[in-house]
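Reader: I'd like to walk through this model with you, one question at a time. Could you start with the terms we need?

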Amino acid sequence: MVEWGKMSMCEAERRLLANALLDISNEWFILLSESCIPLYNFSVIYHYISRSNHSFMESYDDPGPYGRGRYDSRMEPEVTLGQWRKGSQWFEVNRMLAVNIIEDNKYYPKFKEFCQPACYVDEHYFTTMLTIQVPHLLANRTLTWTDWSRGGAHPATFGKDDMTEAFFQKIFEGQACLYNGQPTSLCFLFARKFAPNALDPLLELAPKVFGF
């Protein structure tokens, strides 16, 4: 059983990675949900990820109540307040970092015991651990676009009435980030959350909006 915001989420993600690692031809691993869609075709996504010098794990220091405010000092000495990070659950990692995630037994007990709702462990565990271990290998951003502008514990969900060219133009425009140390406007490869009733109009728009 997987419960939202609890360690069972991360345990499920570790199992997914462990199973994917059994295939030695798998080099990169992307966590997506059933409400995610691709914004580009497979070739663009593959080249973007395979040519990157970094893995796309969002990681930042949030000084507010939903960042540092969730930290429990009992996580010391494994994790100090200065090392505590927050980031999107939706990530991409290479094979080495996937192994780091599934073999961890140093940070897991601390997060399981001391990061429980209202500390949402899937926003803190992997990003904090990898920032401590291999900060130079992280892009510190996610590849999945999400709309948090409406506030609350969950991002906006988009349905059939939202599926317009103008809607997707807003996603594509105004992006700015770094890719291999260079500025780029191609920052997101996926987007969420899309309701099931968005599928049919999305498929009609796809050739014009996405080109596939």
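Author: Helices (H or I, at least four residues) and strands (E, at least two) are DSSP runs, numbered from the N terminus. Keep in mind that this is a predicted model, where local features need pLDDT of at least 70 and side-chain atom pairs count only at pLDDT 80 or more, while totals for chains, interfaces and linings use all residues. Residues are numbered from 1 along each chain as its sequence is written, and side-chain values use heavy atoms, with hydrogens and water left out.

Reader: In E7, which residue is the bridge partner of Pro-38?

Author: Strand E2 and strand E7 (residues 190-191) run antiparallel and are joined by two bridges. Within E7, the partner of Pro-38 is Phe-190.

Reader: Is Thr-144 buried or exposed?

Author: Thr-144 lies in strand E4 (residues 144-145). Its contacts (heavy atoms within 4.5 Å) include Trp-90, Phe-188 and Phe-190, not counting residues up to four places away in sequence. Buried means under 20% relative accessible area, exposed over 50%, partly exposed in between (1.4 Å probe, protein chains only). At 5%, Thr-144 counts as buried.

Reader: How many residues apart in sequence are the parts tied together by Glu-11 and Lys-112?

Author: Side chains of opposite charge can pair when their charged atoms come close. The side chains of Glu-11 and Lys-112 meet in a salt bridge at 3.8 Å, N to O (the cut-off is a side-chain nitrogen of Lys or Arg within 4 Å of a carboxyl oxygen of Asp or Glu). Glu-11 sits in helix H1 and Lys-112 in helix H4, so the parts they tie together are 101 residues apart.

Reader: And Arg-70 with Glu-123: where in the chain is Glu-123?

Author: Those two side chains also meet in a salt bridge, at 2.6 Å, N to O. Arg-70 counts as buried at 11% relative accessibility, and Glu-123 counts as buried at 18%. Arg-70 is in the loop between helix H2 (42-50) and strand E3 (92-94), and Glu-123 is in the loop between H4 and H5.

Methods: Two strands pair if DSSP finds at least two bridges between them.
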